[in-house]
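Q: I would like to learn how to read the symmetry, interfaces and packing of a multi-chain model. Can we go through it feature by feature?

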4 protein chains.
Amino acid sequence: MTTPDRPSLGVGLIGYAFMGAAHSHAWRTAPHFFDLPLRPELAVLAGRNRAAVTEAAARLGWASTETDWRRVLERDDVELVDVCTPGDTHAEIAIAALEAGKHVLCEKPLANTVAEAEAMAEAAARAAANGVRSMVGFTYRRVPAIGLARQLVAQGRLGEIRHVRAQYLQDWIADPAVPMSWRLEKDKAGSGALGDIGAHIVDLTQYITGQTLTGVSAMLETFVAERPLPTSTGKLGGVGGTETGQVTVDDAAIFLGRFTGGALATFEATRFALGRKNAIRIEVNGSAGSLAFDFEDMNVLHFFDGTEPAAVAGFRRIIVTEPEHPYVAAWWPAGHGLGYEHGFTHQVVDLVTAIGKGEDPTPSFADGLQVQRVLDAVERSAAANSTWTEIPA
Amino acid sequence: MTTPDRPSLGVGLIGYAFMGAAHSHAWRTAPHFFDLPLRPELAVLAGRNRAAVTEAAARLGWASTETDWRRVLERDDVELVDVCTPGDTHAEIAIAALEAGKHVLCEKPLANTVAEAEAMAEAAARAAANGVRSMVGFTYRRVPAIGLARQLVAQGRLGEIRHVRAQYLQDWIADPAVPMSWRLEKDKAGSGALGDIGAHIVDLTQYITGQTLTGVSAMLETFVAERPLPTSTGKLGGVGGTETGQVTVDDAAIFLGRFTGGALATFEATRFALGRKNAIRIEVNGSAGSLAFDFEDMNVLHFFDGTEPAAVAGFRRIIVTEPEHPYVAAWWPAGHGLGYEHGFTHQVVDLVTAIGKGEDPTPSFADGLQVQRVLDAVERSAAANSTWTEIPA
Amino acid sequence: MTTPDRPSLGVGLIGYAFMGAAHSHAWRTAPHFFDLPLRPELAVLAGRNRAAVTEAAARLGWASTETDWRRVLERDDVELVDVCTPGDTHAEIAIAALEAGKHVLCEKPLANTVAEAEAMAEAAARAAANGVRSMVGFTYRRVPAIGLARQLVAQGRLGEIRHVRAQYLQDWIADPAVPMSWRLEKDKAGSGALGDIGAHIVDLTQYITGQTLTGVSAMLETFVAERPLPTSTGKLGGVGGTETGQVTVDDAAIFLGRFTGGALATFEATRFALGRKNAIRIEVNGSAGSLAFDFEDMNVLHFFDGTEPAAVAGFRRIIVTEPEHPYVAAWWPAGHGLGYEHGFTHQVVDLVTAIGKGEDPTPSFADGLQVQRVLDAVERSAAANSTWTEIPA
Amino acid sequence: MTTPDRPSLGVGLIGYAFMGAAHSHAWRTAPHFFDLPLRPELAVLAGRNRAAVTEAAARLGWASTETDWRRVLERDDVELVDVCTPGDTHAEIAIAALEAGKHVLCEKPLANTVAEAEAMAEAAARAAANGVRSMVGFTYRRVPAIGLARQLVAQGRLGEIRHVRAQYLQDWIADPAVPMSWRLEKDKAGSGALGDIGAHIVDLTQYITGQTLTGVSAMLETFVAERPLPTSTGKLGGVGGTETGQVTVDDAAIFLGRFTGGALATFEATRFALGRKNAIRIEVNGSAGSLAFDFEDMNVLHFFDGTEPAAVAGFRRIIVTEPEHPYVAAWWPAGHGLGYEHGFTHQVVDLVTAIGKGEDPTPSFADGLQVQRVLDAVERSAAANSTWTEIPA
């Protein structure tokens with residue numbers, strides 16, 4: 001736990017929808033379970049609508065509000081800016097914050113275009129030279145089972161990686177009656193399933209294997225091109241009326257890829273896999289072992305040890321709730337599973353720890369840029385008859 | 001969420017070990033996600049060791065401390081006392097608190113003996129007449145999948161209940177080197193696996209079915225009768241030295257039972273099921289449908305609808321993370337699973353809601369007494385050659 | 001495979017319903033996959049109804065028929081009698097066959113009463129002195145995953161056994177409209193779920209652990225006491241009419257037990273577990289490891305190795321289809337699963353191999369008698385208020 | 001069952017390795033469980049090595065042998081030729097057999113090239129005009145769960161198909177020490193994982209959806225290019241020596257595809273997925289429902305009914321062992337699972353039934369040709385930078 005004598009770290013959060021709520025919980029909770037070098041203060045929450053941001057600040061536990069994010073950057077009580085807005089605003093806010101000397105945590109995908117992401121990575125590099133830290137929010141890295149997966153690969157227990165298969169399956173817009181939202185507009189969201197959820201499995205597979213993708217061959221599809229405009233709002237869209245709008249992003253993305261070490265990979269990101277709510281499924285096959293993970297059973301990692309005698313070899317269902325597992329010792333006794341939001345708490349822990357140590361946290365903006373390049377290559381391949389498209393190193 | 005204009009509810013927590021940490025998290029978190037009629041204030045944490053309780057209060061977010069629980073009852077800023085101490089102190093603290101006009105949340109099992117539990121239930125009944133509320137902490141009732149299970153039974157979708165099988169399997173003392181702790185001493189813990197975890201499956205099966213047990217036939221066993229005394233402490237025991245102590249509780253309890261509606265039941269509670277960390281497994285078979293639950297996969301309920309045509313009938317794996325499911329709408333979008341501690345948060349929600357409405361929350365002390373009577377019947381049957389032992393209504 | 005130069009073994013089969021069909025398939029199939037010391041000849045099929053037995057013999061591949069089982073025992077071309085009739089006839093037929101010098105394979109349960117089983121075991125012992133062999137048909141022992149389970153226990157990989165839990169769950173008479181059949185009549189079947197399916201889990205748990213049960217505490221229940229009499233017949237009962245008959249056996253049996261090594265055990269056998277078709281579920285927890293098996297996924301054995309470091313320990317899903325596994329090398333390449341009837345084929349293999357070697361096969365009639373004693377103790381305990389009832393050694 | 005009065009159907013089998021053994025079992029077994037219009041006679045087994053074919057005929061139950069497959073075509077007692085040789089001989093044998101007026105069952109893939117497959121399909125069409133029937137052996141279609149999957153799609157319970165994901169994962173050559181065999185030589189096998197196992201998932205997904213693939217984007221990979229030459233032989237390769245040979249086929253194939261109805265598809269076929277023995281995994285997501293199948297649990301089909309209320313919706317684990325399911329009524333009571341080889345038996349049933357009715361069985365040689373065209377497009381796309389490659393209709 002974080003003792004009261006630790007110096008404070010003033011946090012300003014921009015955005016208070018789904019991600020804003022998750023980040024708020026993490027800022028509130030992390031110091032109660034982990035020993036952080038700095039004590040986070042929930043200084044200010046920013047949003048354009050005064051009434052709404054005021055309500056949200058009270059609900060989420062923030063001490064004050066701003067209706068212009070630029071004011072947050074000017075405040076002395078803010079040392080870290082947490083960006084939870086739609087992707088089209090990430091570059092402007094994050095770069096300005098870094099230039100104002102604020103540490104930045106930015107939600108993924110880092111940006112809506114490679115050019116934006118490049119500018120952000122450059123700003124992050126400049127800021128790092130001055131001790132200002134930045135991190136992109138690929139929170140699923142912080143699920144203990146994912147951390148264990150990476151450890152096993154790093155320890156060589158999988159040997160040479162040959163196959164990666166990754167799917168991120170949701171179904172929340174499979175029904176054509178689900179109304180429009182900013183996540184379905186290209187100018188706001190950048191892309192659809194590709195950037196929203198495909199970005200996660202690109203990051204996760206690269207993180208687990210310790211390798212990067214060298215190229216892709218891809219297809220994109222929009223199954224439902226026109227949807228009702230919403231007449232009210234909800235967590236993910238609200239209720240639709242009789243007027244309609246155009247969906248300008250992909251509903252699904254599938255692509256082949258190859259990793260630097262030679263492994264073949266298949267990827268699928270979709271919001272049309274009926275019955276799958278938030279199924280992040282990752283499998284890795286190596287010459288010495290294999291792994292399988294499904295976020296629908298997030299506290300479990302399946303591991304096949306190929307060095308076991310054939311008579312007793314089998315995928316082990318490791319329940320990743322032991323004190324020996326990443327992050328777990330801070331929580332409950334063995335067997336008491338964690339939930340979705342714990343990844344956000346762990347993200348705060350890793351970020352604040354790095355800031356305290358004067359180190360650059362990961363994933364960096366450069367990591368976020370690299371993922372953006374993969375997404376860009378996917379779009380270019382899909383637009384070019386699925387032709388193999390290299391990813392710049 | 002709980003708006004700032006809500007009246008406050010001052011809370012005093014007695015105990016700060018495993019359960020104390022879980023309750024603290026719940027008191028802190030509930031108002032941020034749920035709209036409570038009263039705004040909990042974490043007023044005071046009590047424990048005998050001043051240094052330890054001071055550290056814990058800072059870590060867990062309590063505003064002040066006391067080293068004598070009796071002082072908590074005298075404080076005007078305390079309207080609710082939360083009892084998280086070992087079972088041998090429950091009766092004294094809870095009764096005194098109720099008599100002092102404080103609402104009481106008491107961890108399970110309610111007490112170490114039926115006599116104590118009877119006294120507590122009587123105190124609770126007297127207090128209720130004055131609008132003072134009490135609840136026993138069977139938190140697993142608040143897991144959304146368990147709530148859904150109860151709903152399905154209540155809706156008649158299982159028909160007449162014929163079979164219940166329930167297991168609570170752990171393995172944390174399977175190794176004889178695990179040292180002594182208060183949970184292994186009868187005078188502190190009342191019983192071993194029986195009261196610690198068996199109580200949960202008794203409560204859960206009664207809760208889900210809406211019926212109570214009428215009798216049992218039982219066996220108890222202590223596999224490892226002597227263990228090293230601890231030389232340091234940890235969440236569940238610490239490290240053992242060369243001196244040893246006697247284990248005076250059961251390591252495992254198994255029993256047969258019958259429910260009021262005629263169903264046959266088998267129960268097993270053990271800390272020696274190697275490889276099972278916290279596996280609460282409950283199955284119910286009825287004339288129209290069946291259910292299966294395993295806390296190792298806590299966001300899932302399996303439901304067999306016997307009215308489906310045979311060709312397409314099968315146990316459905318319901319991922320209980322939809323807004324339609326109990327408690328879930330307050331959290332994340334569909335598919336984003338909850339963890340162990342959410343049950344405690346839901347417990348706070350239900351308790352504060354009931355207090356706000358002026359209603360008696362459940363499970364009541366009377367419910368806790370009834371579970372205690374089941375545990376007592378188990379012990380009596382085990383001592384009497386497993387002979388069928390009736391449970392007083 | 002069995003070469004043509006092997007001496008023949010003439011087989012006479014009594015009964016041609018479900019079990020008769022399964023045994024016929026095994027006699028036909030075993031020599032094509034396994035190298036048997038004797039070449040089975042399907043000499044004669046016996047049944048009381050001439051038309052029916054003639055049709056069955058053609059269908060099942062038998063060379064001739066008899067309508068009186070006694071004639072089978074007189075035939076020189078019959079060296080082995082395979083008894084697939086209801087339990088009330090086992091003793092008479094098997095004893096007569098042994099006395100006629102024929103080897104005997106007898107379906108389980110060995111008999112309907114302990115007295116009958118004792119007479120059979122004595123007859124078997126007398127016959128064995130003359131080189132006449134006998135075996136009782138607990139075929140599930142021959143499922144490769146069960147064989148592997150026994151090996152792991154025998155190798156000490158589970159350490160000291162502490163818990164056994166076993167369930168045999170079916171649902172084929174959960175519907176009260178399912179009509180009467182001989183399996184529901186005590187004078188034909190001896191008992192209901194207890195002897196029909198409970199006998200299997202008694203045998204399997206004893207076989208896997210290498211231990212026997214020392215006592216039980218039990219309950220029996222008949223949920224549906226009156227059923228329509230059948231107007232036509234089918235594999236397991238046919239269609240019911242308006243007249244009814246009394247069910248005189250148990251619908252379900254549950255019992256506690258203790259094994260010779262001290263382990264606690266729970267057992268459940270029922271035909272009322274809606275949604276479970278043929279779920280034989282066995283779990284064993286030891287001081288060094290654990291096992292779990294479910295016949296609904298019959299080619300899989302789950303094994304927890306408690307000696308693994310905690311960070312990578314987990315139940316392994318061993319797909320028991322490798323050549324290293326019992327019986328598997330004779331069949332298909334790795335990963336190509338076996339089905340229900342393979343157990344019968346393996347039974348023939350083990351029986352004929354033992355006869356060829358001049359050894360007594362297992363499970364013996366003495367083993368069958370021991371199981372019968374367990375079933376008898378269950379009935380006596382259930383009739384005596386579930387009081388603990390010892391099983392004679 | 002097949003009554004003795006049925007006319008006979010003389011069968012000649014060419015090849016007696018893995019597939020020959022599986023087909024032999026099917027020919028022997030089918031008439032005992034199913035009512036066939038013709039009674040199969042296992043007339044002759046052909047193979048080049050006299051000693052080996054003689055041994056195999058005795059073992060597998062064939063009445064006579066030939067060492068030249070052409071002699072089989074000249075025999076009057078052969079009315080059907082069953083081709084179980086490596087793919088490079090399929091065209092020659094099958095066409096000659098058809099021209100000799102024999103019905104033909106030909107193992108998959110139909111041929112090693114599109115040209116051969118075209119010639120075979122033309123020969124089949126000519127023969128069909130004369131009442132001579134032909135079928136290609138995609139046996140996995142006959143797994144009951146696959147049949148049920150097709151029925152559900154055909155009944156509209158999935159709605160419009162949006163996603164197909166299919167994997168056939170094995171690991172039998174993941175170890176570089178596994179020696180060469182004909183399956184690793186392009187001139188014998190045509191291709192590697194692509195044709196051997198990829199062909200199955202192409203056929204199965206087309207069969208289940210009732211649609212065909214319109215194009216693909218693909219990658220092929222050979223992870224281990226050089227392997228020891230075998231010094232002895234076994235079911236799938238034997239033991240390797242010090243001399244080596246070149247692997248001239250793919251070890252793995254991955255490809256994207258699109259179905260005629262617009263669905264996106266991902267395919268993966270590999271022999272390097274360590275820990276997966278014979279995992280045929282197929283998922284289909286539609287607008288109204290979803291399906292999932294894994295041959296590692298071959299008696300189960302998972303079905304999500306999207307029309308269920310969200311609170312109780314979930315993938316149902318349908319155990320496909322009910323009499324209502326395809327083929328099952330002929331076997332055992334509910335819940336008694338089938339194994340790998342039952343698909344071959346069902347194949348015989350469907351083939352003989354079609355011949356008896358004077359109908360063309362499916363899958364036809366034309367179907368086999370279409371699959372060959374998919375495989376060919378995969379190879380061409382992989383050779384052309386993964387560019388989208390159309391499949392001729």
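Predicted model: local features only at pLDDT ≥ 70, side-chain atom pairs only at ≥ 80, totals over all residues.

A: Start with superposition: copies are fitted by least squares on the C-alpha atoms of residues with pLDDT of at least 70 in both. Residues are numbered from 1 along each chain as its sequence is written, and chains are lettered from A, ligands numbered from 1, in the order in which they are written.

Q: What rotation superposes chain B on chain A?
A: A rotation of 180 degrees, with 0.0 Å of shift along its axis and an RMSD of 0.0 Å. The same surface serves both copies: 100% of the contact residues of chain B recur in chain A. Contact here means that the C-beta atoms of two residues, placed from the backbone, lie within 7 Å.

Q: What rotation superposes chain A on chain D?
A: Here the rotation is 180 degrees, the shift along the axis 0.0 Å and the RMSD 0.0 Å. The two copies are thus related as by a two-fold rotation axis. In chain A, the C-alpha of A:T387 is the nearest to that axis, 2.1 Å away. The same surface serves both copies, with 100% of the contact residues of chain A recurring in chain D.

Q: How many residues are in contact between chain A and chain D?
A: 31 residues of chain A are in contact with 31 residues of chain D. Strands are DSSP runs of E, at least two residues; helices are runs of H or I, at least four; both are numbered from the N terminus. Elements of chain A that give two or more residues to this side are β7 (161–169), β8 (213–221), β11 (252–259), β12 (264–270), β13 (279–286) and β14 (289–294). β12(A) gives the most, with 4 residues. By class, the side has 13 nonpolar, 14 polar and 4 charged residues. Ala, Val, Leu, Ile, Met, Phe, Trp, Tyr, Cys and Pro count as nonpolar, Asp, Glu, Lys and Arg as charged, and the others, Gly among them, as polar.

Q: How is the packing of two helices described?
A: By the angle between their axes and the distance between the axes. Axes are lines fitted to C-alpha atoms, for helices over the stretch in contact, and angles run from 0 to 180 degrees between N-to-C directions. In chain D, α6 (residues 144–154) and α8 (residues 193–209) pack at about 40 degrees, their axes 7 Å apart. That makes α6(D) oblique to α8(D); under 35 degrees is roughly parallel, over 145 roughly antiparallel, 65 to 115 roughly perpendicular, and the rest oblique. D:I146, D:A149, D:R150 and D:V153 of α6(D) meet D:L204, D:Y207, D:I208 and D:T209 of α8(D).

Q: Is B:R142 buried or exposed?
A: Buried, because B:R142 has 22 C-beta neighbours inside 10 Å. The cut-offs are 20 or more other C-beta atoms within 10 Å for buried, 12 or fewer for exposed, and partly exposed in between. B:R142 lies in the loop between β6 (134–137) and α6 (144–154) of chain B.
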